[in-house]
Amino acid sequence: MAKKWAAFPYPDKAYVYDAAGLKKSWARLHRGDCEPLPKEAGAIDAWRHFHAGAFGDAVEAGRKAGGAGIGAAVKAQMIYANYLEKSDKAKLALLEEAAGWADARRSETPKDANAHYYYAYALGRYSQGISITKALAQGYGGKIKDALLTAIKLEPRHADAHIAFGSYQAEIIDKVGGIVAGMTYGAKKDSALEHYQKALKFNPDSAIARIEYANGLIMMFGKARIADAEKLYKEAAAHRPADAMERLDVEHARSELD
């Protein structure tokens, strides 16, 4: 039985893709994560649910399909947890479970860039939930960094991994200061900026790249870069989403500007 999650509500059916429509739109929808188009019908079905915002159905279908469907299940659970789950306790549990699925997947398919990226994403959001300082003390920082660098090595044009690595560095700099961040964790402002810029180069239509870039600027430079951050948020808010996840990003940007 699917988890009792509410599908993300739509005033229309703009994001409901059938199998043919999904295949046609695949390159656009997965420009950020470079996910290969699955061959298995079950995995295709899981991704259809994901892009339509039916995240609970995507988890159920992806777990049932296995293989390439696991990626859809993991991503659906992470996005639901990050954007829609209201209970902090439930959110952490969902992210921890998703990290476990991604970790198992990357053990089975170590050359799957997204298995490493999803593992890092889930751990990163989990770390934010328990506090970055506590997460660093528990050793999550190194695990996240290694997984992101592995994803980038396997797929150099993985825009979402570049975003995440930029944000990883910005978060650490914000919490422990530039000197400690650089010496202890290898987190540097110039590197963070480089990865944010690569993300926009590889996926220029990305709203989340702009949101995370803006957040990173504030964390690293404070008021000195607030005008640049506001510009990035306005660009994200004006973005035209292609699926449920992008719509969540755009609505988040608009809410921050209100």
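**Notes on three residues**

1. Gly71 touches Trp47 and Tyr118, leaving out residues up to four places away in sequence; contact here means heavy atoms within 4.5 Å. The model is a predicted one, in which local features need pLDDT of at least 70 and side-chain atom pairs count only at pLDDT 80 or more, while totals for chains, interfaces and linings use all residues. Residues are numbered from 1 along each chain as its sequence is written, and side-chain values use heavy atoms, without hydrogens and water.

2. Gly71 belongs to helix α4 (residues 69-83); helices are DSSP runs of H or I with at least four residues, numbered from the N terminus. Because its relative accessibility is 11%, Gly71 counts as buried, a term that means under 20% relative accessible area with a 1.4 Å probe, protein chains only. Asp112 is 41 residues from Gly71 in sequence, and their C-alpha atoms are 9.8 Å apart.

3. Gly216 is part of helix α12 (residues 207-221). With 0% relative accessibility, Gly216 counts as buried. Not counting residues up to four places away in sequence, Gly216 touches Ala170 and Tyr196. Between Gly216 and Glu194 there are 12 Å, C-alpha to C-alpha, at a sequence separation of 22 residues.

4. His158 sits in the loop between α8 (140-154) and α9 (159-176). This histidine, His158, is buried, at 0% relative accessibility. Apart from neighbours within four places in sequence, the contacts of His158 include Gly32, Asp33, Cys34 and Tyr117. The His158 side chain also reaches the backbone nitrogen of Ala161 at 3.0 Å.

Notes: Helix = DSSP H or I, 4+ residues; strand = E, 2+ residues; numbered from the N terminus. Buried < 20%, exposed > 50% of the residue type's maximum accessible area, 1.4 Å probe, protein only. Polar contact = N/O pair within 3.5 Å; in protein donor to acceptor, adjacent residues only side chain to side chain.
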